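Here are a few notes to read alongside the model. Keep the 3D view open as you go.

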Amino acid sequence: IYIRVAVRSWLKMPHDVTDAFLYADTSCGGLKVLHLETSVRFLRQRRLAKLLGSSDPLVRMASQTCVVGTTQRYWAGPARIKGTELATQREVDRYWRGRLWESVDGTGLPPASEVPRVHQWATSGRGLMSGADFVRAVAVRGASVATPLRSSRGRPGVDSDCAVCRVPASLGHVSQSCPSTHGLRVRRHDDLVKFVAGRLVRCGCELPNKFQGVNYQISFSI
């Protein structure tokens, strides 16, 4: 529980972000934080199994003691998460993936698992982003940005519509289709094009004439 609380605090997550977002694999849209309650059980089981099957006769003899037997019985059996029995780590991973995809914020994530490499930034530890940018990127990833639609949860009477379009102001609408953010989307697109073009120029590639004289030293941000 302390790990979960600490991660939520560091990433400035709203209280209603599902735990599945923390524990689900990054390829499924989560953050792959280690869930100790289940991981420790499976690690103990594997360790005890190695003792029992050791090639060293002394180790095998020691594994027959009552202390090892008691420990083995204690850690035997499946892990449990909120009453659900899970026999393997793979089942645990499927459990968290299902919980994330069934949530309101994660309902659009299933197609993202088809391209695992786009999620590498979440756990790579590379210094391409500042800490503040990483926190903001995680908020977008988890759909926890305080849009009018999200801020209206549990607050009857609060307007959840976009002030410009008068449709539900979800993160997808604000970031992808609302006219009020059109200029920012165009700028983001142009910055990406310049970034890629600059890398190609460094590699000695020839670009179309429209890129000649373009300043590739851009301020690239999330």
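Predicted model: local features only at pLDDT ≥ 70, side-chain atom pairs only at ≥ 80, totals over all residues.

The points below cover the domains and then some salt bridges.

1. Residues are numbered from 1 along each chain as its sequence is written, and side-chain values use heavy atoms, leaving out hydrogens and water.

2. Start with the layout. There's a domain 1 (1–108 + 125–142) and a domain 2 (178–221), with bounds that come from an automatic or database domain assignment. Their centres, taken over C-alpha atoms, sit 40 Å apart.

3. Next, salt bridges (a side-chain nitrogen of Lys or Arg within 4 Å of a carboxyl oxygen of Asp or Glu). The count comes to 10. One of them pairs R150 with D16 at 2.9 Å, N to O. This pair links distant parts of the chain, 134 residues apart: R150 is in helix α9 (residues 148–151), and D16 is in the loop between α1 (2–10) and α2 (19–23). Helices here are DSSP runs (H or I, at least four residues), numbered from the N terminus.

4. Buried or exposed? Buried means under 20% relative accessible area, exposed over 50%, and partly exposed in between (1.4 Å probe, protein chains only). R150 is buried at 9%, whereas D16 is partly exposed at 32%.

5. R136 and D133 are both in α8 (residues 131–141), three residues apart, or about one turn. Their side chains form a salt bridge at 2.4 Å, N to O. R136 is partly exposed at 47%, but D133 counts as buried at 16%.

Key
Helix = DSSP H or I, 4+ residues; strand = E, 2+ residues; numbered from the N terminus.
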